[in-house]
Amino acid sequence: MVERQQKILEAAVRVIARSGVRGLRVEKIAAEAGISTSLIYYHFTNRAGLLRRTLEFVSDRAAAYTEEAAAEAADPRAELELLLFGELQDTQAVRENSTAWGELRASAVFTPELREPLAESTRVWVDEVAEVIRGVDGAEVEAEDAAERLTSLVEGLSERWLSGSMDLDRARELLRGAIALELDRAGT
């Protein structure tokens, strides 16, 4: 059963990344996954339940590939950089995941039932980044505030990159500069 749910969620991410959330139909996801719509309703009850679980799936997938990248870090500062730069990788998985995340975030404006799980996923990410910041030697910054600023910046840079209004090298350059500004504050 878990395998089938994963297959459905992977299909949902692909469909959302290609077509967005507004026009999303369960039939499209069923066709993408090669299953019946009734199977989607069996596992997720309704469209809102499917979107909520897709948001969780996207968040978990992002955590997996960013943590994997950060595992190679020699120190907390390098870990922070790898963790954040993990969201700016030019791979199909990151592109799909980031596009789906942006779509689900934008949808939460109009879909109240997505707001709480979105806020929770965001809080988990900010907390993880803040924990790494606390371990950086010489960083004289409020870790939660810095994490909030940096994760917000990553989301914005990712949207600009994915929409074609900024190239990936420029997005990475801006992120690198923001990390330096946050961590190298001299008690400001």
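This is a predicted model: local features need pLDDT of at least 70, side-chain atom pairs count only at pLDDT 80 or more; totals for chains, interfaces and linings use all residues.
Biologist: At what angle do H1 and H6 pack, and how far apart are their axes?

Modeller: H1 covers residues 2-19 and H6 covers residues 92-107; they pack at about 75 degrees, and their axes are 8 Å apart.

Biologist: What makes H1 roughly parallel or roughly perpendicular to H6?

Modeller: The angle decides. Angles from 65 to 115 degrees count as roughly perpendicular. The angle here is about 75 degrees, so H1 is roughly perpendicular to H6.

Biologist: Where do the axes of H4 and H7 stand relative to each other?

Modeller: The axes of H4 and H7 come within 9 Å and cross at roughly 10 degrees. Angles under 35 degrees count as roughly parallel, so H4 is called roughly parallel to H7.

Biologist: Which residues meet between H4 and H7?

Modeller: From H4 there are Ala-48, Leu-51, Arg-52, Leu-55, Ser-59 and Glu-67, which meet Glu-113, Leu-114, Pro-117, Leu-118, Ser-121 and Glu-128 of H7. The residues of this contact divide into 6 nonpolar, 2 polar and 4 charged.

Biologist: Now the pocket. How much space lies in the largest pocket?

Modeller: The largest pocket holds about 360 Å³ of space. Its lining has 22 residues, and those nearest its centre are Ser-59, Ala-62, Glu-87, Trp-101 and Trp-125.

Biologist: Which helices supply at least two residues each to that lining?

Modeller: H4 (47-70), H6, H7 (112-134) and H8 (143-163) each do. H4 gives the most, with 8 residues. By class, the lining has 8 nonpolar, 8 polar and 6 charged residues.

Biologist: Where is Glu-182, and with which residues is it in contact?

Modeller: Glu-182 is in helix H9, residues 168-183. Apart from neighbours within four places in sequence, Glu-182 is in contact with Val-141, Ala-146, Arg-149 and Leu-150.

Biologist: What makes Ser-158 count as buried or exposed?

Modeller: The cut-off for buried is again under 20%. Ser-158 has 6% relative accessibility, so Ser-158 counts as buried. Ser-158 is in helix H8. Residues up to four places away in sequence aside, Ser-158 touches Glu-87, Leu-88 and Ser-98.

Biologist: Why is Val-124 called partly exposed?

Modeller: Under 20% is buried, over 50% is exposed, and partly exposed lies in between. Val-124 has a relative accessible area of 37%, so Val-124 is partly exposed. Val-124 is found in H7. Val-124 and Ala-63 are 61 residues apart along the chain, and their C-alpha atoms are separated by 9.6 Å.

Biologist: How do you know what Thr-37 counts as?

Modeller: Thr-37 has 29% relative accessibility, so Thr-37 counts as partly exposed. Thr-37 is found in H3. Leaving out neighbours within four places in sequence, Thr-37 is in contact with Val-26, Glu-27 and Ala-30. C-alpha to C-alpha, Thr-37 and Glu-27 are 5.9 Å apart in space, and they are 10 residues apart in sequence.

Biologist: What makes Thr-45 count as buried or exposed?

Modeller: Exposed means over 50%. Thr-45 has 62% relative accessibility, so Thr-45 counts as exposed. Thr-45 lies in the loop between H3 (37-44) and H4.

Biologist: What is the phi of Thr-45?

Modeller: Thr-45 has a positive phi of about 70 degrees, although Thr-45 is not a glycine. Most residues other than glycine have a negative phi.

Biologist: Last, which residues does Gln-5 touch?

Modeller: Gln-5, found in H1, touches His-43, Phe-44 and Arg-53, not counting residues up to four places away in sequence.

Technical notes. Residues are numbered from 1 along each chain as its sequence is written. Side-chain values use heavy atoms; hydrogens and water are left out. Axes are lines fitted to C-alpha atoms, for helices over the stretch in contact, and angles run from 0 to 180 degrees between N-to-C directions. Helices (H or I, at least four residues) and strands (E, at least two) are DSSP runs, numbered from the N terminus. Angles under 35 degrees count as roughly parallel, over 145 as roughly antiparallel, 65 to 115 as roughly perpendicular and the rest as oblique. On a 1 Å grid over the protein atoms alone, a cavity is a set of points where a 1.4 Å probe fits but cannot get out, and a pocket is an open set with protein on both sides within 12 Å along at least five of seven lines; lining residues have an atom within 4 Å of a point. Grid points are joined across faces, edges and corners, and a volume is the space filled by probe spheres set on the points. Ala, Val, Leu, Ile, Met, Phe, Trp, Tyr, Cys and Pro count as nonpolar, Asp, Glu, Lys and Arg as charged, and the others, Gly among them, as polar. Contact means heavy atoms within 4.5 Å. Buried means under 20% relative accessible area, exposed over 50%, partly exposed in between (1.4 Å probe, protein chains only).
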